[in-house]
Amino acid sequence: MFVARMAVIAAATLCLTSVAVSVAEAKTLRWASQGDALTMDPHSQNEGPTTAMNQHVYEGLISRDPKLAKVPGLALTWKPIAPDTWEFKLRPDVKFSDGTPFTADDVVFSYTRALAPTSDFRSYISSIKDVKALDPLTVHIVTNGPNPILPDYTTSILIMSKAWSEKHNVTKPQSFKDKEETYAVRNAMGTGPYTLKQRDPDVRTVMAKNPTYWGAKDFPAYPDELVYTPIKEPATRVAALISGQVDFVLDAPLQDIARIKQTPGLKTEETAQVRSIFLGLDMGSAELKYSDVKGKNPFADKRVRQAMYQAIDVNAIKAKVMRNFSAPAGLITSPGVHGHTPQLDQRLKYDVAAAKKLMTEAGYPNGFSVSLDCPNDRYNNDEQICQAVTGMLAQIGIKVDLQARSKTLHFPKLQKKDSSLFLLGWGVPTLDSHYVFTFLYQTSDAAKKVGSWNYTGYSNAKLDELADGMLKEVDQAKRDKMIADAWALAVADMPYLPLHHQLIVWSMSDKVTMPIFANDSPNFKYGKMK
Amino acid sequence: MSDTGTLARLRDSDMWWSFRRSPLVVAASVVTLIYFVAAVLAPWIAPFDPFDVKALNLMDAFTPPAWAEGGSAKHLLGTDNQGRDVLSAILYGSRVSLMIGLAAILLSVTTGVLLGLLAGFRGGWVEAIIMRLADIQLTVPAILIALTLDGVTRVVLPKNVHDSVAIWVLVFSIGFAYWPQFARVTRATTLAEKNKDYVNAARIIGVPGARIALQHVLPNAWGPVLVIATIELALAIIAEASLSYLGVGMPATQPSLGTLIRIGNAFLFSGEWWIVIFPVVALVILSLSVNLLGDWLRDALNPRLR
């Protein structure tokens, strides 16, 4: 009897071990961060975490490596063949994960799609006049005049399959702000290292290794499966990492980094991120939508904007809210972006007395009230930043009604221009200042496809001209002068109040090897699981 | 009947005897009393006003309790992530928690007792409908009802409006969840009493039905209703704390104890334990004291347990 029982136990143990071994064989990387990708449609939302998710399934003509250098993606080479034309030679023998071959037609289709009115990527490629397929492996992109930085912009335009999109009736991007639901929102099919296996928005996203991936040779060891779980509560996220329920946390709360570093079996990677956090003010409306000032707009007065700027003690935010994982900013773009200089990145002095004086001069000695819209699951400690700002603005009499929401509500609210004062962060995928001007500072103009994230109503003809000019200027010295002039205008006009540049910390199990990307967008094909 | 007469009667009563006999109950009632007094007097006894954003200084944030290293005597129990004094926040928070608890119980007592009386007196289809509704309500957990109601109002009302009425949404949703208890007890008493001679006598001399119900029958139900109300008060306080902890209750700008615990939860791993521990202790002591009082009241009013 005893022997029999032992045999059963031994057999069971064997079974268990073999199960354990096979589980360990298929290397699954479980990762988490606070919010989910907004959509799987690659042209619908130009938002960091959304792109970070989609880039595992879809790829661009050009990709970025962990140092953010441009490396061949679906295009092997690119070069200008005329002042207004770039030629892209496509990678041969690439297949979409459903088996159809990737050709120049898919590129033409995807760029046309990304230029559709519901696309959030129009500002990236607003200079494009025409995209032509010369043969199955050659694409010509014709721009309105020369565009020296076009390749930088192509890194963000992900390529979809024309056949798949037509079959599923998704030839137009989803209109996110209208809550449109299309096939491409929960399904994805591209050429990338992974295929989408399961998509439950805000619950779980599973991706499996794409067996037909062209890069299998260059990236032989990346994890077989990715399981993404959004975990909104910061403490829960850390607990999940410490207890081994996830292997990788993109955004562990900054106050817990010290604890994670001390925990055996866990490690962190840190870098300065290409992302700045700032407040945007609706200075263009005749009257603020959410304020007790009626008949005029206090934010239209530069003195009020400057008073708010000088009332914010960004060093206190750095010390107490960000636990020193931030660098106070005078520009809304970070070091590492072309056009950023330390001279421009100087803050106006924190000076409550001066701020009060400005408020009095502007005619608001007793302040006014205004609503501040703030995401609570997007940027590092975003809601706490807003709480701190609320307290600081109270010092100069501005009574802030803080409205913290999930980013799935915050961004559509901004996109409907339904905010008087908002917190926003801006990363620069192209690593060039033009990106910031064209999205945030240029006069919002849907026909011209510029200013699509300019929710401030700010409009300066001189700056518009400079931004248009720097897109076409091929003489580097002249172009740099244009960028510097444009920044000088942007800093002087203050439609945005800069707060800080984010430093990012990725926390992971020591089984994971993953280089940190300064754009906070992990591409797990560069990762490895032990 | 003079006041001294009432007092003397109270001192002679079984209630007083059983109250004095148990030091635990005495302690519980003293603690509860302290909470009530502190809650009422919070604006005067709290060292700081945690609602006044102007007075906050972010550089004061994360000050440990006075006795810990780096603590300051200014903030006895330390400060939270915004530089709010934890002690003051707890005093104001208890006030919010107690207020919501009491108002919710008041609401469910009123609804429950009235419906119970109606059901007991009318009988027939009125009774059937009311009591079946109560049965249905009893099968759904209170917290779920509260979550649903809160969720619906959150969708219907814009966020800034919702924040200002959050307290009433909580009162209504918790209060709504607890009425069946009271309805059942009142109906049972009503059924037992309504055919007794004194009720029939009142009816014969022409006393209106509503007056019979409220003046003659209802007083018989007050004992059990009071017992349930005390026990449910503890439950209501915890329900409020749970909802606020889940982020669907009081907003961070006017925190209840549950909101404070939610805020503090984020700093548990990083070693700033005082932000969460003190509100938790305050909540535990409050609900435990009220619960002990309720238990004692139930035993003291139950003749079979004497």
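M494(A) counts as buried because 20 C-beta neighbours lie inside 10 Å (buried means 20 or more other C-beta atoms within 10 Å of a residue's own, exposed 12 or fewer, and partly exposed in between, with C-beta atoms placed from the backbone). This residue sits in the loop between α16 and β19 (496-509) of chain A; here helices (H or I, at least four residues) and strands (E, at least two) are DSSP runs, numbered from the N terminus. The phi of M494(A) is near 55 degrees, a positive value in a residue other than glycine. Most residues other than glycine have a negative phi.

The model is a predicted one, in which local features need pLDDT of at least 70, side-chain atom pairs count only at pLDDT 80 or more, and totals for chains, interfaces and linings use all residues. Residues are numbered from 1 along each chain as its sequence is written, while chains are lettered from A and ligands numbered from 1 in the order in which they are written.

Confidence in chain A comes next. The mean pLDDT of chain A is 92, and 95% of the residues score at least 70 (pLDDT is the predictor's confidence in each residue, from 0 to 100). Where pLDDT is low, the predicted coordinates should not be read in detail.

Two packed helices are described by the angle between their axes and the distance between the axes. Helix α15 (residues 461-472) of chain A and helix α16 (residues 476-493) of chain A have axes that come within 9 Å and cross at roughly 150 degrees, where axes are lines fitted to C-alpha atoms, for helices over the stretch in contact, and angles run from 0 to 180 degrees between N-to-C directions. α15(A) is therefore roughly antiparallel to α16(A) (angles under 35 degrees count as roughly parallel, over 145 as roughly antiparallel, 65 to 115 as roughly perpendicular and the rest as oblique). On the α15(A) side, K462(A), L463(A), L466(A), A467(A), G469(A) and M470(A) meet R479(A), M482(A), I483(A), D485(A), A486(A), L489(A) and A490(A) of α16(A). Sorted by class, this contact of α15(A) with α16(A) has nine nonpolar, one polar and three charged residues (Ala, Val, Leu, Ile, Met, Phe, Trp, Tyr, Cys and Pro count as nonpolar, Asp, Glu, Lys and Arg as charged, and the others, Gly among them, as polar).

Both helices also have a neighbour in α14(A), whose buried residues pack against β18 (421-427), α15 and α16 of chain A. Nine of the nine residues of α14(A) are buried, so this helix is largely enclosed by the rest of the structure. One of its residues, H434(A), is buried because 30 C-beta neighbours lie inside 10 Å. H434(A) touches I149(A), A467(A), M470(A) and L471(A), leaving aside residues up to four places away in sequence. The C-alpha atoms of H434(A) and D468(A) are 8.7 Å apart, although 34 residues separate the two along the chain.

Chain B has 12 helices and zero strands. Its C-alpha atoms fill a box of roughly 75 × 50 × 30 Å along the principal axes, and 43% of its 306 residues are buried. Of the contacts in chain B with a separation of 6 or more, 69% join residues 24 or more positions apart. F62(B), placed in the loop between α3 (23-45) and α4 (86-122) of chain B, has a positive phi near 65 degrees and is buried, with 23 other C-beta atoms within 10 Å.

Helix α9 (residues 197-204) of chain B packs on helix α10 (residues 209-245) of chain B at an angle of about 150 degrees, with axes 11 Å apart. The two helices are therefore roughly antiparallel, and their crossing is right-handed. Y198(B), V199(B), A202(B) and R203(B) of α9(B) make the contact with I212(B), H216(B) and V217(B) of α10(B).

Definitions and conventions
Contact = placed C-beta atoms within 7 Å. Left-handed = near helix turned anticlockwise from the far one by under 90°.
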